Amino acid sequence: GPGAVNTYSYRRLQVLEERFNLHVMLNADKELAVQKTVPHRDIYNVRKVDTHVHHSACMNQKHLLRFIKSKLKKCANEIVTYRDGRFLTLA
(Lines give C-alpha, C1' and ligand atoms only; values in the text may rest on other atoms or scores of the structure.)
Protein backbone atom coordinates (compact mmCIF):
# COMPACT_ATOMS: atom_id res chain seq x y z
CA GLY A 1 0.00 0.00 0.00
CA PRO A 2 0.92 3.68 0.14
CA GLY A 3 2.65 3.21 3.51
CA ALA A 4 5.05 0.68 2.02
CA VAL A 5 5.85 3.05 -0.85
CA ASN A 6 6.51 5.91 1.57
CA THR A 7 8.74 3.70 3.71
CA TYR A 8 10.67 2.46 0.69
CA SER A 9 11.02 6.01 -0.70
CA TYR A 10 12.21 7.37 2.64
CA ARG A 11 14.80 4.61 3.03
CA ARG A 12 15.96 5.06 -0.57
CA LEU A 13 16.44 8.78 0.03
CA GLN A 14 18.42 8.04 3.18
CA VAL A 15 20.69 5.66 1.26
CA LEU A 16 21.21 8.20 -1.53
CA GLU A 17 21.96 10.96 0.95
CA GLU A 18 24.54 8.82 2.73
CA ARG A 19 26.13 7.85 -0.59
CA PHE A 20 26.34 11.54 -1.50
CA ASN A 21 27.86 12.40 1.89
CA LEU A 22 30.44 9.65 1.36
CA HIS A 23 31.20 11.02 -2.10
CA VAL A 24 31.65 14.54 -0.69
CA MET A 25 33.89 13.24 2.09
CA LEU A 26 36.09 11.30 -0.34
CA ASN A 27 36.20 13.84 -3.17
CA ALA A 28 35.80 17.33 -1.66
CA ASP A 29 39.54 18.04 -1.78
CA LYS A 30 39.79 16.92 -5.40
CA GLU A 31 36.79 18.98 -6.47
CA LEU A 32 38.11 22.05 -4.67
CA ALA A 33 41.53 21.66 -6.30
CA VAL A 34 39.94 21.35 -9.75
CA GLN A 35 37.70 24.37 -9.09
CA LYS A 36 40.71 26.47 -8.11
CA THR A 37 42.36 25.76 -11.47
CA VAL A 38 39.54 27.56 -13.32
CA PRO A 39 41.03 30.93 -14.32
CA HIS A 40 37.77 32.89 -14.37
CA ARG A 41 35.81 31.78 -11.30
CA ASP A 42 32.59 33.71 -10.83
CA ILE A 43 28.94 33.19 -9.93
CA TYR A 44 28.27 31.32 -13.19
CA ASN A 45 30.76 28.51 -12.69
CA VAL A 46 30.94 27.88 -8.96
CA ARG A 47 29.99 24.39 -7.89
CA LYS A 48 26.76 23.41 -6.14
CA VAL A 49 24.47 26.02 -7.69
CA ASP A 50 21.01 24.49 -7.79
CA THR A 51 19.03 25.80 -10.74
CA HIS A 52 16.47 22.99 -10.71
CA VAL A 53 13.07 24.64 -10.22
CA HIS A 54 9.73 22.87 -9.98
CA HIS A 55 7.30 25.29 -11.57
CA SER A 56 4.38 23.06 -10.62
CA ALA A 57 5.18 23.83 -6.97
CA CYS A 58 4.96 27.59 -7.52
CA MET A 59 1.87 29.72 -6.96
CA ASN A 60 -0.12 30.63 -10.02
CA GLN A 61 -1.67 34.10 -10.42
CA LYS A 62 -5.02 33.06 -8.95
CA HIS A 63 -3.45 31.55 -5.81
CA LEU A 64 -1.15 34.55 -5.34
CA LEU A 65 -4.06 37.00 -5.64
CA ARG A 66 -6.14 34.94 -3.20
CA PHE A 67 -3.22 34.92 -0.73
CA ILE A 68 -2.71 38.69 -1.01
CA LYS A 69 -6.42 39.43 -0.52
CA SER A 70 -6.56 37.07 2.45
CA LYS A 71 -3.55 38.72 4.11
CA LEU A 72 -5.02 42.19 3.55
CA LYS A 73 -8.29 41.15 5.20
CA LYS A 74 -6.82 39.18 8.12
CA CYS A 75 -3.49 40.92 8.82
CA ALA A 76 -3.88 44.53 7.65
CA ASN A 77 -2.05 45.93 10.70
CA GLU A 78 0.88 43.52 10.55
CA ILE A 79 4.23 45.31 10.22
CA VAL A 80 5.95 44.16 7.04
CA THR A 81 8.93 46.49 6.65
CA TYR A 82 10.88 49.39 8.13
CA ARG A 83 11.56 52.20 5.67
CA ASP A 84 12.59 55.84 6.04
CA GLY A 85 12.43 55.62 9.85
CA ARG A 86 8.88 54.24 9.86
CA PHE A 87 7.30 50.83 10.31
CA LEU A 88 4.96 50.08 7.42
CA THR A 89 1.95 47.75 7.52
CA LEU A 90 -0.08 46.08 4.78
CA ALA A 91 -2.91 48.64 5.11
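The count of salt bridges in this predicted model comes to one, where a salt bridge is a side-chain nitrogen of Lys or Arg within 4 Å of a carboxyl oxygen of Asp or Glu. Because the model is predicted, local features need pLDDT of at least 70 and side-chain atom pairs count only at pLDDT 80 or more, while totals for chains, interfaces and linings use all residues. Residues are numbered from 1 along each chain as its sequence is written, and side-chain values use heavy atoms, with hydrogens and water left out.

**Salt bridge**
- The side chains of Lys71 and Glu78 meet in this salt bridge, with 4.0 Å from N to O.
- Lys71 counts as partly exposed because its relative accessibility is 30%, given that buried means under 20% relative accessible area, exposed means over 50%, and partly exposed lies in between (1.4 Å probe, protein chains only).

**Overall build**
- The protein holds two helices and two strands, which follow one another from the N terminus in the order α-α-β-β; here helices (H or I, at least four residues) and strands (E, at least two) are DSSP runs, numbered from the N terminus.
- Of the 91 residues in the protein, 4% are buried.
- Among contacts with a separation of 6 or more, 3% are between residues 24 or more positions apart, a contact being heavy atoms within 4.5 Å.

**Hairpin**
- Strand β1 (residues 79-83) and strand β2 (residues 86-89) run antiparallel and are joined by four bridges; two strands pair if DSSP finds at least two bridges between them.
- Within this pairing, Thr81 of the protein stands opposite Leu88 in β2.
- Two residues lie between β1 and β2 in the hairpin, and Asp84, in the loop there, has a positive phi of about 55° although it is not a glycine.
- Asp84 counts as exposed because its relative accessibility is 73%.

**Surface**
- The accessible surface of the protein comes to about 8,800 Å², and 59% of it belongs to carbon and sulfur atoms; such areas come from the Shrake-Rupley method with a 1.4 Å probe, and for residues only the protein chains shown count as cover.
- Met59, Leu64, Phe67, Ile68, Leu72, Val80 and Leu90 form a nonpolar patch with about 610 Å² of accessible area together, where patches are made of residues with over 30% relative accessible area and no salt bridge, like charges being joined within 9 Å and nonpolar side chains (Val, Leu, Ile, Met, Phe, Trp, Tyr) within 5 Å.
- Helix α2 (residues 61-74) gives the largest share of this patch, four residues.
- Ile68 has its place in helix α2, and Ile68 counts as partly exposed because its relative accessibility is 40%.
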